[in-house]
Amino acid sequence: MITGPSGRTYDPLPIDNAAGFPQRFPLLVNGVRYEFLVYVNVPESMLGPAPTLPTNAPTSAANATLRFNAVPGSIVPGMGIVDLTSGAVIPTGTTVVSTTATTVVMRQNAVGSGVGSGDRIQFNDELMTLPDAQRFLVVRAGVIAADGTLQTVFLRKVVPSLEYRVGGLMLTFPSQVAARRNLNSPGNFGSNVIGGVSSL
């Protein structure tokens with residue numbers, strides 16, 4: 001059972017996170033046959049190798065701001081951060097909180113001896129928390145007629161904080177984490193896209 005922001009309860013949609021994205025699935029609700037399409041929209045420019053940047057100043061222990069000559073727009077909140085030069089100085093699982101033209105703020109502080117000037121920092125987005133400024137989850141729902149034709153009744157970007165009315169249904173998508181390796185490919189890579197459906 002899923003509880004939406006309004007307190008409404010939802011049954012889980014049969015999204016198969018190991019099937020990859022895009023994916024389609026049928027759903028029968030109150031005698032109406034639906035077909036859902038769920039996909040992740042990611043600009044091609046963000047699908048290349050993980051960006052790696054050298055710092056241009058040190059970041060001491062107990063500080064969370066990394067400094068660079070320039071921070072490209074492909075580095076976005078939610079990306080993982082690894083110090084390739086001195087691995088242990090950035091805690092495992094640290095992610096980007098925010099960026100400016102020359103800085104990246106980490107979710108956790110540097111530890112130990114801190115990040116050195118010139119350390120090579122890699123930013124990866126193996127797990128993409130959606131939506132962000134450039135990437136988002138899209139859901140299409142259609143009603144399947146008796147002759148097999150499909151009439152689209154819902155097509156939009158969805159965000160975790162909203163609930164959506166689709167004819168006689170309510171939908172919500174509270175978790176939107178997609179693994180990069182699940183784009184156009186099946187496998188258990190950590191995707192966690194959850195959707196819920198409720199009848200009105």
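In which sense do strand β3 and strand β4 pair, and over how many bridges? Good morning, colleagues. In this predicted model, β3, residues 23–29, and β4, residues 32–41, run antiparallel to one another and are joined over seven bridges. I shall begin with that pair and then turn to the chain as a whole.

Within the pairing, Arg24 is placed opposite Leu37 of β4. The two strands form a hairpin with two residues between them. Asn30 sits in the loop that links β3 to β4. Is Asn30 buried or exposed? Its relative accessibility is 65%, so Asn30 counts as exposed, the threshold being over 50%.

In soluble globular proteins, nonpolar side chains tend to be buried together. Which residues does Val40 contact, once its neighbours within four places in sequence are set aside? They are Phe21, Met128, Leu130, Phe136, Leu137, Ala178 and Leu183.

The bond from Phe21 to Pro22 is cis, with omega near 10°, and Pro22 belongs to the loop between β2, residues 9–12, and β3. The bond from Leu130 to Pro131 is likewise cis, with omega near -10°. Pro131 is located in the loop between β11, residues 127–129, and β12.

Two further loop positions deserve a remark. Ala62, which is not a glycine, adopts a positive phi of about 75°. Its loop connects β5, residues 52–54, with β6, residues 65–67. With 62% relative accessibility, Ala62 counts as exposed.

Thr95 is the other position, in the loop between β7, residues 80–83, and β8, residues 96–99. Is Thr95 buried or exposed? Its relative accessible area is 18%, and because the limit for burial is under 20%, Thr95 counts as buried. Leaving out residues up to four places away in sequence, Thr95 touches Gly78, Met79, Gly80, Ile81, Val105, Met106 and Arg107.

Let me close with the overall description. The protein chain contains 16 strands and zero helices. Its C-alpha atoms fill a box of roughly 65 × 35 × 30 Å along the principal axes. Of its 200 residues, 43% count as buried. Among contacts with a separation of 6 or more, 60% are between residues 24 or more positions apart.

As for the surface, the accessible area of the chain is about 9,700 Å², and carbon and sulfur atoms contribute 52% of that area. The chain carries 13 positive and 11 negative side chains, and the centres of these two sets are 5 Å apart.

Terms used. Residues numbered from 1 in each chain as written. Predicted model: local features only at pLDDT ≥ 70, side-chain atom pairs only at ≥ 80, totals over all residues. Heavy atoms only, no water. Helix = DSSP H or I, 4+ residues; strand = E, 2+ residues; numbered from the N terminus. Buried < 20%, exposed > 50% of the residue type's maximum accessible area, 1.4 Å probe, protein only. Contact = heavy atoms within 4.5 Å. Areas by Shrake-Rupley, 256 points an atom, 1.4 Å probe, with all protein chains shown as cover. Lys, Arg positive; Asp, Glu negative; His and termini not counted. Charge placed at Lys NZ, Arg CZ, Asp CG, Glu CD. Pairing = 2+ DSSP bridges.
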